[in-house]
Amino acid sequence: MIKITMSEENYLEELLTCRLDLKKRAVEPCTIVIFGASGDLTGRKLVPALYHLFCEKQLPEPFRIIGFARRPKSDEQWRNELLADLKKFSKYKDLDFSRWPVFAQRVGYCQGDFGDAQSYENLRQRLMTSESEKWTRNLVFYLAVSPSQFLEVTESLNTTGLLKKEDVPGSWQRVVVEKPFGRDLVSARNLNLDLSRFTQEKQLYRIDHYLGKETVQNILMFRFSNFIFEPLWNRNLIDNVQITVSEDLGVGGRGGYYEEAGALRDMVQNHLLQVLALVAMEPPVSLEAESVRDEKVKLLKSIRPPVVTENYICAVRGQYIEGESNGQHIPAYRQEPRINLQSNIETFVALRLFIDNWRWANVPFYLRTGKRLPRSASEVRIGFRATPNVLFAAQCGPHLDTNSLTLRLQPNEGIALHFNGKVPGTSTEIRPVRMNFDYESEYGAYTPEAYERLLLEIMAGDSTLFIRRDEVETAWGIVDPLLQAWAGKPLEKNEFYAAGTWGPSAADDLLQQRGHKWRMPHGIGDK
Ligand SMILES: NC(=O)c1ccc[n+]([C@@H]2O[C@H](COP(=O)([O-])OP(=O)(O)OC[C@H]3O[C@@H](n4cnc5c(N)ncnc54)[C@H](OP(=O)(O)O)[C@@H]3O)[C@@H](O)[C@H]2O)c1
């Protein structure tokens, strides 16, 4: 027998790894201008992601970061604030801070107001008077600002000549906008129209940070780099699909924002529909950005918009009242800071959607998301059809578990196949078991943060992981009927749920109507 040593085993694994990145465009030297330099997103996500990329030697050379915000401060003050945030928010336990002084030399601050033309002129001068001409050729404008300011900043950048709509050989400018993009279909359309006066579509990067997550990207790899799943992936074998994105936290310090948004706008229109699109789309003709996005749009267009009538329930909303979570008393949503005492904003949504196409006709896709639920978990559960009612099924009846496949997006990232097995022993007992793939034990603990991947893609000019204009509008078209049905309609008594529970009971009824029930996210009873 040939004995394979550990290093040979690693070598074999290495041979089997396909390095798709070899064909990718490289990141190019650039300056990243962050509007909203003192904001929560910048300190918590953007700068920690950039610093980590710097430590991993993945940033282009040279690169530079300029922060832009209203409050006056020196370069040194901003750097110190960022370092404090990095220490507080970085997810990497063994982060090497010794590289910070070198990184900080590339970081500068420009004080200004979005509404003040002179501020952009100051920014222009700061950008243009730099040691390296490579810094000024390529510019990323990252708008980590309120969506109501996207247009004002983009227009001013264009007026100042920093953002050019026409192609200039040898240079580029890209604009990154955060979610939410619009608050309904009409506003998203208008924003798209307005921004298109100053940018080409290929210059605009609409962020949905879910697409930067490893596990979300793996949905495409899992589906289209394996042969065995594709024959199962349709209405003939799949009975229902459940997508859960639950949070055990409340709104924290973002009450003001949440009062304007609610769960449907904050989570369903973007994250949940994106995950749904990746799970259900047809194989793209290539891995080019437009091919992937074409298929996502096609899928979103096949979703039947929910119809809300007295007799037909396909959506449930809820808001948490006080309750208990992990032994702690949790106040009601209406008692949280900056929340209206009579607020009718939904903190929970459950939906049943149908995809009217050849592959998925009549398969219910259940989506749910909410705050102050028993735990934070994001996962997709593909439920297969039941076995014919003979043999074991005839004896066990509904107790015989149906097969399912769980894509755990976070935490405990991984994939599990659930099937039935015989419990060892002299009696005949059947119990569901799991075949489990776990990211951490397979690949180690290092998983890059979503923003790291997204920032690299922006610097490389690859739009695959960003939302296209027609995509964002189609997604709004799906949730718009619900926004309209719920607008101004006070919550009813049965729409409230105690914090620490899985939402109003109507969310269970929604599934029971078709003989289904919610499966607990991985780790809770494991069902
Ligand atoms: N925070 C998150 O976790 C998160 C997650 C997903 C998406 N987003 C999105 O990211 C964007 C930013 O969110 P955030 O939470 O970071 O916001 P934030 O904490 O409220 O920060 C807003 C930033 O904008 C600056 N600003 C506001 N008005 C200005 C003006 N007139 N002129 C110049 N600067 C101005 C503020 O500067 P001063 O402090 O100097 O006034 C501050 O730096 C939003 O679109 C949000 O929806 C955020």
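Residues are numbered from 1 along each chain as its sequence is written, and side-chain values use heavy atoms, with hydrogens and water left out. Because the model is predicted, local features need pLDDT of at least 70 and side-chain atom pairs count only at pLDDT 80 or more, whereas totals for chains, interfaces and linings use all residues.

Helices (H or I, at least four residues) and strands (E, at least two) are DSSP runs, numbered from the N terminus.

An oxygen atom of the ligand is 2.7 Å from an N or O atom in the side chain of S38. Backbone atoms also take part: a ligand oxygen is 3.1 Å from a polar backbone atom of G39, and a ligand oxygen is 2.6 Å from a polar backbone atom of V145. Taken alone, the ligand exposes 900 Å², and the protein buries 82% of that; accessible areas come from the Shrake-Rupley method with a 1.4 Å probe.

Strand β14 (residues 404–410) runs antiparallel to β15 (residues 414–422), and 5 bridges join them. One of the partner pairs is L407 with I415 of β15. The hairpin of β14 and β15 has 3 residues between the strands, and N412 takes a positive phi near 50 degrees there. On to β16 (residues 430–438), β15 is joined by 9 bridges, again in an antiparallel arrangement, with M435 of β16 as the bridge partner of L417.

The whole structure holds 29 salt bridges, each a side-chain nitrogen of Lys or Arg within 4 Å of a carboxyl oxygen of Asp or Glu. In one of them, the side chains of D75 and R126 meet at 3.0 Å, N to O. This pair links helix α3 (residues 75–89) to helix α5 (residues 117–128), across 51 residues. D75 is partly exposed at 23% relative accessible area, and R126 is partly exposed at 29%; buried means under 20%, exposed over 50%, and partly exposed in between (1.4 Å probe, protein chains only).

K371 forms a salt bridge with E247, the closest N and O atoms being 2.9 Å apart. K371 lies in the loop between β12 (365–370) and β13 (377–384) and E247 in the loop between β7 (238–246) and α10 (255–261), so the pair ties together parts that are 124 residues apart in sequence. K371 is buried at 8% relative accessibility, whereas E247 is partly exposed at 23%.

D401 and R519 form a further salt bridge (3.1 Å, N to O). D401 lies in the loop between α13 (391–396) and β14, and R519 in the segment after α17 (506–512), 118 residues apart. D401 is buried at 18%, and R519 is buried at 16%. Elsewhere, salt bridges that share partners join E290, R293, D294, R468 and D470 into one network.

Note on methods:
Two strands pair if DSSP finds at least two bridges between them. A polar contact is a pair of N or O atoms within 3.5 Å; within protein, one must be able to donate a hydrogen and the other to accept it, and residues adjacent in sequence count only if both atoms are side-chain atoms.
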